Amino acid sequence: MDERVRFVVETQLGMKSIQQLCHDYGISRKIGYKWLERHAKGGFEACMDQSRAPHSCPHKTSDKIEARLIELRNLYPKWGPKKLVALLEMEMKESHVISASTAGDILYRHGLVVPRKVKKRN
C-alpha cells in the first residue's frame with residue numbers, strides 16, 4: 001500500500017506525467033488511474049487491496065428450503081436426496097425446487113449423510 005500512497009502523492013505534486021509515474025512504478029496506466037480513482041472516492045484507505053469475493057450469490061438455495069429439507073430428513077432418516085426433493089416439490093407445488101445433488105450437498109454439510117465406503121475392485 002505504501003507504493004500506492006507514494007504514487008498518488010507524486011501525481012498530486014505534478015512533477016511527472018501519470019504515464020511517466022506508471023512507468024517508474026512498473027504498472028500500467030489502467031492500474032494507475034484505478035488507484036487515483038479509488039483515492040478520489042475514499043482516500044488512502046480505499047487504495048488498499050479489495051476482496052474479489054462476490055458480494056452475493058443469486059442462485060443460492062434459500063434458507064427456507066434448506067431448513068425444510070433438514071426437517072424432512074429428520075422425519076425420514078433413511079430417505080435419500082431424490083426422495084426428499086420429490087417430497088419437497090410436492091409440498092411446495094413447484095417443479096425443480098432444487099436438484100438432488102444440491103440436496104445431497106446440503107445434507108452432507110449438516111452431517112446428515114454418511115459418505116459411502118469405496119469398494120476396491122480387484
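Q: Which residues does H39 touch, not counting residues up to four places away in sequence?
A: This is a predicted model, in which local features need pLDDT of at least 70, side-chain atom pairs count only at pLDDT 80 or more, and totals for chains, interfaces and linings use all residues. Residues are numbered from 1 along each chain as its sequence is written, and side-chain values use heavy atoms, with hydrogens and water left out. H39 is found in helix 3 (residues 29–42), where helices (H or I, at least four residues) and strands (E, at least two) are DSSP runs numbered from the N terminus. Taking contact to mean heavy atoms within 4.5 Å, and leaving aside residues up to four places away in sequence, H39 touches V8, Q12, F44 and C47.

Q: Does H39 count as buried or exposed?
A: The classes rest on relative accessible area, with buried under 20%, exposed over 50% and partly exposed in between (1.4 Å probe, protein chains only). The relative accessibility of H39 is 16%, so this residue counts as buried.

Q: What kind of pair do the rings of F7 and Y25 form?
A: Rings of Phe, Tyr and Trp (its six-membered ring) pair if their centres lie within 6.5 Å, and planes under 30 degrees apart count as stacked, over 60 as edge-to-face and the rest as tilted. The structure holds 3 aromatic pairs. In the pair of F7 and Y25 the ring centres are 5.6 Å apart and the planes stand at 90°, so this pair is edge-to-face.

Q: How many residues apart are F7 and Y25, the pair that links distant parts of the chain?
A: F7 belongs to helix 1 (residues 2–13), whereas Y25 belongs to helix 2 (residues 18–25).

Q: What kind of pair do the rings of Y76 and W79 form?
A: Their ring centres are 4.2 Å apart and their planes lie at 15°. Y76 is partly exposed at 33% relative accessibility, and W79 is likewise partly exposed at 28%. From the angle between the planes, the pair of Y76 and W79 counts as stacked.

Q: How many disulfides does the structure hold?
A: A disulfide is taken here as a pair of cysteine sulfur atoms within 2.5 Å. Among the cysteines, C22 is buried, with a relative accessible area of 1%, whereas C57 is partly exposed at 41%. The number of disulfides in the structure is 0.

Q: How many residues make up the second, separate core?
A: In the largest core, the member I98 touches T61, I65, L69, V85, L88, E89, A103 and I106, not counting residues up to four places away in sequence. The second core, which is separate, includes F7, V8, I27 and W35 and has a total of 9 residues.

Q: Which exposed residues does the face of helix 6 turned away from its buried side carry?
A: The buried residues of helix 6 are A103, G104, I106 and L107. They cover an arc of only 160° around the axis, which puts them on the same side of helix 6; the arc is that of the directions from the helix axis to the C-beta atoms. What covers these buried residues includes helix 4 and helix 5. The face turned away from them carries the exposed residues S101, D105, Y108 and R109.

Q: What is the phi of K93, a residue other than glycine?
A: Most residues other than glycine have a negative phi. K93 lies in the loop between helix 5 and helix 6 and is exposed at 74% relative accessibility. H96, found in that loop and exposed at 60%, is not a glycine but has a positive phi of about 55°. For K93, phi is also positive, near 55°.

Q: Which element of the protein chain has the highest mean pLDDT?
A: pLDDT is the predictor's confidence in each residue, from 0 to 100. The protein chain averages 89, and 99% of the residues score at least 70. Among the elements, helix 1 has the lowest mean pLDDT (88), whereas the highest (95) belongs to helix 4.

Notes:
Core = buried A, V, L, I, M, F, W, Y, C linked by side-chain atoms within 4.5 Å.
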